[in-house]
Amino acid sequence: MAPPGSSRLRFFALVARTVVVGAVTAMLVAGGLGAVSAPAAARAQPATLTWRSCAGAAAECARLTVPLDDTNPADVRTIDLALTRVPARDPDRRIGSLLVNPGGPGAPGADFASGIASILPDDVQDRFDIVGWDPRGTGASAGIDCTDDLDPLYALDWDPDTDAERVALEDANRAFVAECVASAGDLLSFISSDRTARDMDRIRAALGDEQLSYVGFSYGTYLGAQYAAQFPDRVRALVLDGAVDPALDATAVQVEQAEAFERSLELFLDDCAKRTACAFHRGPGAGTAYDELRARLDDEGIPAGDDRRLNGTLFDTGIAQILYDGKASWPALDAALAAAAEGDGSELLSYADLYTDRADDGTYGDVQDSFLAIGCADGPPLGGIEGLRAIEAKAKAKAPRLGPSIVNNSMACAFWPFEAPAPRPLHAPDADPILVLGTRNDPATPLAWAKGLTEQLGSATLLTVGGAHHTAFASGNACVDLVVQRYLVDLRTPRDGKRC
């Protein structure tokens, strides 16, 4: 469920492993620029960072001032980026800094550093400062804030089957875009990912590292690929996990992502239908029961506590949220569907709220605003509302259960006031070796995308991982963690065709 190619919040998925059940993450932005030379501003004298204690005993925070528009030397406006660092546990053997990004777009990443540091392999924790940052347009780095109330938008049918429903959905997205322009119009043209990649180089320089070591999840792989294309000589080690293919157009990205989510759902339903222990199992089969429940929600919704109702749109959103964690999340999906079938939509609604960044008091954080603003800026272009409608039809034919909601989650981009760039491959043949990770049945970033990015970069090796979850590193797979640790610490890339 993402803009033209996006990737939802890997940050929440990692926190979920230690705090709550469930996951969210990153669906990505596939598009943007090909190899370009770095603007002069990106090569200026590096700034210095002043670190202070924050966010827990081990973490430190800092701010880095960067140009708002580094392509125009006459523009003196700046923004501050928020950074968090967890120092290496063994300073005497420290290699340098490891920059990390949780995905998104739109996910703030400063707190992500302190969240992920404790679950990284020991040798990585010992030998790297773990550094996260809020990319421009997110969190405390000039975050985009369009509206605090998205309830009216999610109350609409994102799989419209009447003209009235379609008009209502399109009008609501036009209104959302107008709110974004009114509240953040001065920023919207300066938050694209190619600019964020240049911010990454400023962060590298401010940290005092000659080359960049980086781990990016989902959409974070697009940032890493952008960095490699712009600064190939400054790559030390890039881990791109749950990769995006920047060469794909909007139709390919949306339809292939919809198919991947649908396949992940079908894996669960097929398993549920075979097991009487599955609480959602029904006489006519789990698939039939699922379709009947979804149709019921489309017609009338069901109670979900606190005077709220679970409608079809929030149902689809909650399902997608749970599917990010693959087979490990099937018991949670089973329980949530069984409860909904009995008339209680509160569990699925809680997952939808996690996805949309909705608080218990009904207010929304800025994640969805930043998600759309960055995704729409990056592209690839949808072709206006007519183009989006055509993509929706193709997605519905390939993925009838989830396709329309996934595509229409990016409807705002059809009305965006700035033209998105056409998709182009990103090349970095002269960079030091890069490691790309692709999971066989990833619901958000199909394995084919990891293969595509690996081929385009020209300096990358692909590690293929079994499973149906989104991303693979630091998620309990000892084989993956060992390969990545050896690569980050010793710069040892796995052999071609390596699988975990």
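Helices (H or I, at least four residues) and strands (E, at least two) are DSSP runs, numbered from the N terminus. The structure is a predicted model, in which local features need pLDDT of at least 70 and side-chain atom pairs count only at pLDDT 80 or more, while totals for chains, interfaces and linings use all residues. Residues are numbered from 1 along each chain as its sequence is written, and side-chain values use heavy atoms, with hydrogens and water left out.

**The sheet and its edges**

- An open sheet is formed by 9 strands in the order 1-2-3-5-4-6-7-10-11, and its pairing is mixed; two strands are taken to pair if DSSP finds at least two bridges between them.
- Strand 1 (52-53) and strand 11 (460-465) stand at the edges with a single partner strand each, so one side of each has no neighbour in the sheet.
- Strand 1 pairs with strand 2 (residues 60-67) in the antiparallel sense over 2 bridges, and Arg 52 has Cys 61 in strand 2 as its bridge partner.

- Strand 5 (residues 128-133) is mostly covered, with 6 of its 6 residues buried, where buried means under 20% relative accessible area, exposed means over 50%, and partly exposed lies in between (1.4 Å probe, protein chains only).
- In a regular strand the side chains alternate between the two faces of the sheet.
- Strand 3 (residues 78-86) pairs with strand 5 in the antiparallel sense over 4 bridges, and Arg 85 stands opposite Val 131 in strand 5.
- Strand 4 (residues 96-101) pairs with strand 5 in the parallel sense over 5 bridges, and here Ser 97 stands opposite Asp 129.

**Backbone features in loops**

- The peptide bond from Gly 104 to Pro 105 is cis, with omega near -5°, and Pro 105 has its place in the loop between strand 4 and helix 2 (110-117).
- The peptide bond from Gly 379 to Pro 380 is also cis, with omega near 5°, and Pro 380 is found in the loop between helix 13 (367-378) and helix 14 (384-398).
- Asp 306, although not a glycine, has a positive phi of about 55°; this residue lies in the loop between strand 8 (302-303) and strand 9 (309-310) and is exposed, with a relative accessible area of 74%.
- Asp 307, a residue other than glycine, has a positive phi near 60°, and with a relative accessible area of 85% Asp 307 is exposed.

**Salt bridges**

- The count comes to 27 salt bridges, a salt bridge being a side-chain nitrogen of Lys or Arg within 4 Å of a carboxyl oxygen of Asp or Glu.
- Asp 70 forms a salt bridge with Arg 198, the closest N and O atoms being 2.7 Å apart; the pair links distant parts of the chain, with Asp 70 in the loop between strand 2 and strand 3 and Arg 198 in helix 6 (residues 193-207), 128 residues apart.
- Both Asp 70 and Arg 198 are buried.
- Arg 389 forms a salt bridge with Glu 170, with the closest N and O atoms 2.8 Å apart; Arg 389 lies in helix 14 and Glu 170 in helix 5 (residues 163-184), so the pair ties together parts that are 219 residues apart in sequence.
- Within that pair, Arg 389 is partly exposed, with a relative accessible area of 30%, whereas Glu 170 is buried, at 4%.
- Asp 271 forms a salt bridge with Arg 275, the closest N and O atoms being 2.9 Å apart; Asp 271 counts as partly exposed at 22% relative accessibility, and Arg 275 counts as partly exposed at 34%.
- A network of salt bridges links Asp 69, Asp 70, Arg 136, Asp 194, Arg 195, Arg 198, Asp 199 and Arg 202.

**A contact across the sequence**

- Ala 252 lies in helix 8 (residues 250-274) and counts as buried at 18% relative accessibility.
- Ala 252 and Ala 395 are 143 residues apart in sequence and 9.5 Å apart in space, C-alpha to C-alpha.
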